[in-house]
Every structure is written in C-alpha cells, then in structure tokens.
Amino acid sequence: MELLQGRPQDETGRPQKEIRTYDLLDSLGIPFVRVDHEVHNTMESCAQVDELLQIAICKNLFLCNRQETSFYLLMMPGEKPFKTKDLSRQLGVARLSFGKPEYMEQFLDITPGSVSVMGLMNDKEQRVQLLIDEEVIQNEYVGCHPCINTVSMKLKTSDLLEKFLPAVGHRPIMVRL
C-alpha cells in the first residue's frame, strides 16, 4: 500500500462511480490523496490505511426512520460509539435504524461497506440528509471512499464543506454524538 496523489493514472477496470467521483473532485479543484487497498469491513481493519493517510477515516452510516420515508448519511469519528437514541432525539425522529442496501444503491449508488459522503453526488433528488458530528469538522482533513471500499482518500474538510457539498446541493446538519 502506498500514498498516491489524485486520480489513478490507469483507470482500467475501475468502476464508473469511482471515476465519476474523481471527475467531480477534479472539476471542483479539490485536491486529494488516496490509498488503494483490500476491502476493510471494520474500523479496526482500517488502521493501516488511517496511518498511511495520517487521519482517521470517518465512520459513515446510512440511516432511516421507521417508516422508511426519511434517509440520513451520518459522518462521525470512527472510534466514537453510535447511540441511535441520542441522534433520534436530536433530530426529533421517533426511531432511527440502518437503511436497507437497496435504498443506499438507489439514492447514493453505493453498497454496504462503501458508504461515503461522496455518494451524495448521486443523490439528484435530495432524498438523503447529511448529518455530520461536530468533531469531524474540527479536523483539517476528512477521509472517505470514492463510492467504493477498495480506495480511501483524504481531502481538506474545508473543501468538502465549501466546494463539494454546495456543488452537489447538500447542506449538512451538525449533530453532537
């Protein structure tokens, strides 16, 4: 594994959703570094990638209300425990649970294990509300996947908030977990 600057030189065999992510970041003038790696299914297994990127990759959770009418993407520090009750109370939602993979694919064009803020570029109908734990924005950099979980990337938090999110039409709600 090695730290690489920007998009891959050879994009052969890479999924279109990954290439679209790089295209959008390039068009917005957002620089990033990336690490290509095997699939990591737990935050613990991401430790080597985090070390190489010199950040902690965010935990990204796809959530919905009981009726499956409101959907949320939560970005939070990876080491922080998630308590549904606390977040539900802050949002004034009776009960949050994990959203079904089919909604994740339909709205964000991502699959379980690949949940990422970058998926919001595919949410043209604004079905998913972004929630960001306030600790995430206190860091200079944020880590995420380019819509697939075999690559992790690092970009400036200010670029995410000031360039990427406005370009994809999403305004985050800050939460405290």
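Trainee: What should I keep in mind about numbering and confidence?

Mentor: Residues are numbered from 1 along each chain as its sequence is written. Because the model is predicted, local features need pLDDT of at least 70 and side-chain atom pairs count only at pLDDT 80 or more, while totals for chains, interfaces and linings use all residues, and side-chain values use heavy atoms, with hydrogens and water left out.

Trainee: Which faces of E3 are covered?

Mentor: In a regular strand the side chains alternate between the two faces of the sheet. Here strands are DSSP runs of E, at least two residues long, numbered from the N terminus, as helices are (H or I, at least four). In E3 (59-65), both faces are covered, with Lys59, Leu61, Leu63 and Asn65 buried on one side and Asn60, Phe62 and Cys64 on the other; buried means under 20% relative accessible area, exposed over 50%, partly exposed in between (1.4 Å probe, protein chains only).

Trainee: Which strands pair with E3?

Mentor: Two strands pair if DSSP finds at least two bridges between them. E3 runs antiparallel to E4, joined by 6 bridges, and is also antiparallel to E5, over 3 bridges; Lys59 is partnered by Met76 in E4, and Leu63 by Phe98 in E5.

Trainee: Which residues touch the most other members of the largest nonpolar core?

Mentor: In soluble globular proteins, nonpolar side chains tend to be buried together. A nonpolar core is a set of buried Ala, Val, Leu, Ile, Met, Phe, Trp, Tyr and Cys residues joined through side-chain atoms within 4.5 Å. The largest has 37 residues, and those touching the most other members include Met75, Leu120 and Phe164. A second, separate core of 11 residues includes Leu63.
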